[in-house]
Amino acid sequence: MAESVAVICEQLIKAVNVMMDAESSQRYRLEALKFCEEFKEQCPFCVPCGLQLADKSQSPVVRHFGLQILEHVIKFRWNTMPQQEKVQLKNCAMGLLSNGTHFILEEESHIKDALSRIIVEMIKREWPQQWPDMLKELEDLSKLGESQTELVMLILLRLAEDVITFQTLPSQRRKDIQHTLTQNMDSILSFLLTILQLNVDEYRRLKSDPSQELKARAHSRVGVATLNTLAGYIDWVALVHITNEQCRLMEILCLLLSETELQLEAAECLLIAVSRKGKLEDRKPLMVLFNDVAMHYILSAAQPDLLYLLIWKEGSHVEVEVPGNLNKFMEAFLAFTTHPSQFLRSSTQLTWGTLFRHEVLSKHPVIVEVTSKYMRATMTNLVKTGFPSKSDSPSCEYSLVDFDNDEDFNTFFNSFRAQQGEVVRIACKIIPLEAFQMAGEWLQYQVKSPIDVGPTMSEGLCSILSPSVVQWDAMTFFMESIVGQLLKTLEKEKVPVDQGIELLQAMLSYETRDPLILSCVLTNVSSLFPFVTYRPHFLPQVLHKTGIMFFPLDGFFRDLTRAVKNVRRHACSSIIKMCRDYPQFILPCFDMLYCHVKKLFSNELLLTQMEKCALMEALVLISNQFKDYEKQKAFLEELMAPVVVRWLSEEMGQTLLNPVSFLAFVGADQVMNDSNIEDQTGINRSRISFCVYTILGVVKRARWPADVEEAKAGGFLVGYTPSGNPIYRNPCAPQVLALLPNLLALIRTHNSLFLPEHMARLSETFARAYDVMDVEKNVVLGKDKGVRGLQFNADMSVLFHILGHAGPSLNQDFYTIEGLAEQLVSSVLINLDHVPDHRLRAMLHILSQLVVSCPQEYYDSLLCPLLGHLFAYMLQVSKAQFTWEEEVCGEKQVTQEMLEEELLRLDIYMTFLTISFNCLCWKDTSNCQRTASQVCWTLLKQVGVVYSAECAVTWFYTSVLKGLQVHGQHEGCSAALTLLAFLIYEALRPRYSELRVVMTHIPNIQLEALDQFDQRLLNPATQKAGEKKRKEQFKKLIAGTVGKPLGQQFRKEVHIRNLPSLFKKVKPEVNRDILETSESPALVSLFSPLQDDI
């Protein structure tokens, strides 16, 4: 045998070297790999060969392969090995730990890892029942030297990871080992702390002696391994083990923060400990870390995350003593917030937010004082500096380490700023007036500071990185965060109105023509606008600043650079926001604003189409405050007159009805050679866009009064529904309904444009007009370039938005349109086969608004025809794109029966059901989980009672099981699909015996268990098990359907047998009948029928 082992080992060494040699050809490498794998699977000499190859005289690669062989034997042959061979292998493995490794600093880390895996695999199979002295043996092993101690630490860590973290064991074995670990936790932690203390002491003693450097490093290595092992246990052991002996563990860890070689691992242990959840009473001992000594070590080590220990759960009512040195602690933590590293600053924000939210600590004088300092620090941190490509800030040096490039930094800083804004709003609740004063001082400082454009190529105008813009942008964000929270926090009489008006006047009187600075001015005016409600006489000045200044009659800002377009767009948004939030307050200035808008409209060159739509939308919002139906209707008629004339013109009607005419009208069939020339077709496109955007703005914004009495008095209320709900009329209804036919015609034409004959008419310039919008791609890619036709491309989604808003806006006037369903089907749902999927997604999303808002009385006349047509198309698409094999019942037969034999409403249900159950097998995990948990059973239980096709029910159930086969390895999908299968089987199995036939096809199903489950299900009187237990039984029945992910389909299974349980339940003795006992023969004879004389 020895000769055979030697020969095989020699061959294995050659094979391993061939596999690992970079010069080997692929053919030889594959042959060597095949030889090694066949050896592990078939050779009876694996153990002696593995031990010989693992000898420390071999090369590291060969040794590692030898250890792999031993691990393979334990994993796949352990259950069939004789007990004597198991003991021998265990002893040999322990021998490798004792003397089979090199010095701790010389040994390869992968050899140590492989050795620890071998021991852990044996522990998982034998401990504690068959190997009760395992912990004692490891303890004895640690006394042999630093190398053995490190290996013991690796073993204990890997054991905790496999059992607790990854849970790679069968349930019973995991419970046995975890229970034993818990029982021995006191001794395990005591052992770890002893090892840690001994090695740290030796390290400290020897590190100053140059001649003992290697010995000191060895003890340091053991200390690091011990701390890593502690981290693996601190995360899950009972808190009492962490806090006992007056938090001795915490004390040791704090002291280790002063050791450079150990502080990172010690800090990780501390962070895990203080991050543990639990009862506040149990966590209270952690306050020991607030003593001066512990705090000194923590702050000296510069570990800001450890401040988490300061924060208890929000809403705590546990009375705790606030540390006397809290002030010192907060000052130190504030230093981290002002550190040059932007990343380090951001790491403190979560703690600040939790601290300021705390209902007890947030009121403490020390916290109130530090809140002011935090605000000052944030004013600096909000300034966007520190790009890694620059050197204009101390932060740049740190950014070179923290970020890959400027784009990475930019993404981070946007998130960091959002974090700061949230914390500032929380902090403002603590010191609202002081925070507002800081913001005001900053604003006044910026107003008085000269504009510094920095290096620029924009003819003296600022760029986004100009020093002044960076400062203005930070100040604006700070002001916006403060003012919003200030008005929510303070009572009305305590609001600093005079100070707010003073700041608003500073903004109104500030003069500049730089678009980027003006955008910040606009934001500040919008933020400070609530103060105008206290001083109404300032309203005209605000409207003048936001409206007339940016849309003047003299053509100022007519040079529409990108920056100018952005600031004008910003002005539009500000006006709409003010009119939306304060319409009643702005109502007195309506005539002035309307007059100015009409003057602007008189010259088409003064405004873009988008700006016109925005100003009209603002006017509509204010007109809602007329609270007079006739007056508002007359205004809307006047406002929309140009749109109505243009939209209902004969030329427009002919254009919108004919795809060929439409393409010619918008110039999509023409090649545009000079993009700077505004051709007539460009004007046509902009006019169509203006019409549809105006209609959308009016439909979306025009409303009746919210108060029923005001609506009734104003003539908006026209009646009540049978259920008593009021019925209103919208003053925009007559105009919008008149425009609706051409809107539907445009939708029909848009859908027809995707037909091949019309696609062929597109010129080279517009060839990509129907692709995914470049503006959407550029958002992801960070690019600015686009292609012609984007605005024309966006009109289609606007049309669907109009339909989506028409229902809730126009109410009865819309739903009572004669033949509405037919009109929608013949326009919205026409030629869908040719419409790209990304267009259909937008259409379906917006049409859902129409469905949700539809009153119940119009379900049959509108929704059933509309959804029936839509769902039939969706089913057709799903059948074309997804095909599934081995159907128990043919899908065609089922769906044909559904579509032909049922009533209209049932037809829609069944079509939708077929789509829903079909998509359970699609390779889309999130879609499968949502459909299984929210849609399938909700629909099926509605029609299951009336629908009796056996093959349809079989197909539904089979679809669920196929979903488990595809997605069962995902926990979320598995839970949703298993519950769905359980509900279907319990509800329909009594009526459909075919479901049992389906169950019999499940691999490895136990028919006896299935029969028992069916018997209890079909005989409810015998049903004793609760719902939870029934679900567990059913889950076991269908376990064979759960498929494996591709990466595990060809993986060899590891089987770990259960050992005799440690938790045997002692059954109580059954009470014996007193008549059956031999202790009372007299009582038995007393009732004997032979006793005639009684």
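Mentor: A helix here is a DSSP run of H or I with at least four residues, a strand is a run of E with at least two, and both are numbered from the N terminus. By that rule the protein has 52 helices and 2 strands. The model is predicted, so local features need pLDDT of at least 70 and side-chain atom pairs count only at pLDDT 80 or more, while totals for chains, interfaces and linings use all residues. Residues are numbered from 1 along each chain as its sequence is written, and side-chain values use heavy atoms, with hydrogens and water left out.

Trainee: In which helix is the place of Arg 173?

Mentor: Arg 173 sits in helix H9, which covers residues 171-183.

Trainee: Is Arg 173 buried or exposed?

Mentor: Buried means under 20% relative accessible area, exposed over 50%, and partly exposed in between, with a 1.4 Å probe and protein chains only. Arg 173 has 0% relative accessibility and therefore counts as buried. Across the protein, 49% of the 1094 residues count as buried.

Trainee: Which residues does Arg 173 touch?

Mentor: A contact is a pair of heavy atoms within 4.5 Å. Setting aside residues up to four places away in sequence, Arg 173 touches Ile 123, Lys 124, Arg 125, Glu 126, Trp 127 and Gln 129, and also Ile 1056, Arg 1057, Asn 1058 and Leu 1059. A polar atom of the Arg 173 side chain lies 2.5 Å from the backbone oxygen of Trp 127. For the protein as a whole, among contacts with a separation of 6 or more, 74% join residues 24 or more positions apart.

Trainee: How many salt bridges are there?

Mentor: A salt bridge is a side-chain nitrogen of Lys or Arg within 4 Å of a carboxyl oxygen of Asp or Glu. The count comes to 37.

Trainee: Where do Lys 207 and Glu 259 lie?

Mentor: They form a salt bridge whose closest N and O atoms are 2.9 Å apart. Lys 207 is in the loop between helix H10 (185-206) and helix H11 (213-234), and Glu 259 is in the loop between helix H12 (239-256) and helix H13 (263-274), so the bridge ties together parts 52 residues apart in sequence. Lys 207 is partly exposed at 45%, whereas Glu 259 is buried at 7%.

Trainee: Which residues are linked in a network of salt bridges?

Mentor: Glu 71, Lys 75, Asp 113, Arg 117 and Arg 158 are linked in this way.

Trainee: How many residues has the largest nonpolar core?

Mentor: A nonpolar core is a set of buried Ala, Val, Leu, Ile, Met, Phe, Trp, Tyr and Cys residues joined through side-chain atoms within 4.5 Å. The largest one has 161 residues, and those with the most contacts inside it are Trp 352, Met 375, Phe 478 and Trp 647. Helix H23 (residues 467-489) gives this core its largest share, 11 residues. Another core, of 94 residues, lies apart from it and includes Cys 9, Met 19, Leu 189 and Leu 196. As for Trp 352, leaving aside neighbours within four places in sequence, it is in contact with Met 330, Phe 333, Leu 334, Thr 337, Val 370, Tyr 374 and Val 423.

Trainee: How many aromatic pairs does the structure hold?

Mentor: Rings of Phe, Tyr and Trp (its six-membered ring) pair if their centres lie within 6.5 Å; planes under 30 degrees apart are stacked, over 60 edge-to-face, and the rest tilted. The structure holds 35 such pairs. Phe 403 and Phe 409 make an edge-to-face pair, 5.3 Å centre to centre with 80° between the planes. Both of these residues are buried. They also belong to one aromatic cluster together with Phe 343, Phe 387, Phe 412, Phe 413 and Phe 416.

Trainee: Where is Leu 33 found?

Mentor: Leu 33 is in helix H2 (residues 26-42). Its relative accessible area of 38% makes Leu 33 partly exposed. Leu 33 and Val 18 are 15 residues apart in sequence and 8.9 Å apart in space, C-alpha to C-alpha.

How values were computed
A polar contact is a pair of N or O atoms within 3.5 Å; within protein, one must be able to donate a hydrogen and the other to accept it, and residues adjacent in sequence count only if both atoms are side-chain atoms.
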